[in-house]
Amino acid sequence: MKTSLLVLCPVVAANLESLKQRYDVTYAPTPEERQTAIAAHASRFQAVLTIGTIGLTAAEIAAMPALELVSCMGVGHETVDVDAARARGIVVTNGRGANDECVADHAMGLVIACMRNFRKLDQLCRDGVWRTAITPPPNVSGKRLGIYGMGAIGEKLATRASAFRMPIGYHNRNPKAGSPYQYFDSLLALAEWSDVLVCAAPGGASTHHVINAAALQALGAEGFLVNVGRGSIVDTPALASALATGVIAGAGIDVYESEPKPPTELIGLDNLILTPHLAGWSPESIDAQFTIFLENIEGHFSGRGAVTPI
């Protein structure tokens, strides 16, 4: 018999068809479909495919007596109740490494786009405004880049930024052994030092709203914020106020608290560029994430073991 798989996240058509050929698939990517599927078929699901932002709750795990594997398509797993899964001996995996390059590319693009104010310059050019009537935006090269969350994505971003001769500092819970970059023991200290601060940290309670009014004040009137981590890292009303009042110069945001709905507090601001949580999405990264999931589910149920357990 085929393994029974509950898919809670959107999957591209070709990959979904591939899953259906291999497994007994229940596809439930909306909240309503999810609730209905679990209510009707929870007892038979052996594996769940999800993503970090929608996760899997302790109650849902408890409702699935046959569950053996919970896989997150991306690297994030902040809303999966990992403790509840482990208490049952359920393996939890993620897609780490699959989209690091794509996210780092996008983050560097946002750094350039917000510092050089591409959004406003595009609008002004379309309105017929010539450069002599525009206050020129600052250089990117040579500016101090702070990275909050020096993981795999942060490391790849640092490599890209080094080509722009950007001094690089970072803040993690602990310094990374052997890192060539300057470590700051607090986020506020990093923000004060940075010309542009990039958030590449995971979500969850420990990072909730760490970018608050105080952190934005520390970044300062000539500073820029980029977020490719999780929307919950940034206090959205505080960011809206900081952008509107000149507390910071600008921002580039790929993730936001209201996802998938637009961040209404930020929409009307000219010194901000928004992208819809797309930093980790490309044809290449989607294929890589799907491949890692297949390796995890096939590895687990064959007895070889998952390849990226958390």
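**Cavity, helix and cores**

The lining of the largest cavity is made up of 6 nonpolar, 3 polar and 1 charged residues. This is a predicted model, and the description should be read as such. The ten names behind that division are Asn227, Gly231, Val234, Thr236, Leu239, Ile253, Val255, Tyr256, Glu257 and Leu266. The space in this cavity comes to about 50 Å³. With a threshold of 30 Å³ or more, the count is 1 cavity.

Two of the lining residues, Thr236 and Leu239, are also buried residues of helix α10, which covers residues 236-245. Ala238, Ala240, Ala242 and Leu243 are buried in this helix as well. What do the buried residues of α10 pack against? Their partners are α9 (213-219) and the strands β10 (224-227), β11 (250-253) and β12 (272-274). After the helix comes Gly246, with a positive phi near 80°.

Helix α10 also takes part in the largest nonpolar core, a set of 29 residues, to which α10 gives the largest share, 5 residues. At least two residues each come from α8 (187-193), β9 (196-199), α9, α10 and β11. Within this core, the residues with the most contacts are Leu197, Ile211, Leu216, Leu225, Leu239, Leu243 and Ile248.

How values were computed:
Residues numbered from 1 in each chain as written. Predicted model: local features only at pLDDT ≥ 70, side-chain atom pairs only at ≥ 80, totals over all residues. Heavy atoms only, no water. 1 Å grid on protein atoms, 1.4 Å probe; cavity = no way out; pocket = protein on both sides within 12 Å on 5 of 7 lines; lining within 4 Å. Points joined across faces, edges and corners; volume = space filled by probe spheres on them. Nonpolar A, V, L, I, M, F, W, Y, C, P; charged D, E, K, R; others polar. Buried < 20%, exposed > 50% of the residue type's maximum accessible area, 1.4 Å probe, protein only. Helix = DSSP H or I, 4+ residues; strand = E, 2+ residues; numbered from the N terminus. Contact = heavy atoms within 4.5 Å. Core = buried A, V, L, I, M, F, W, Y, C linked by side-chain atoms within 4.5 Å.
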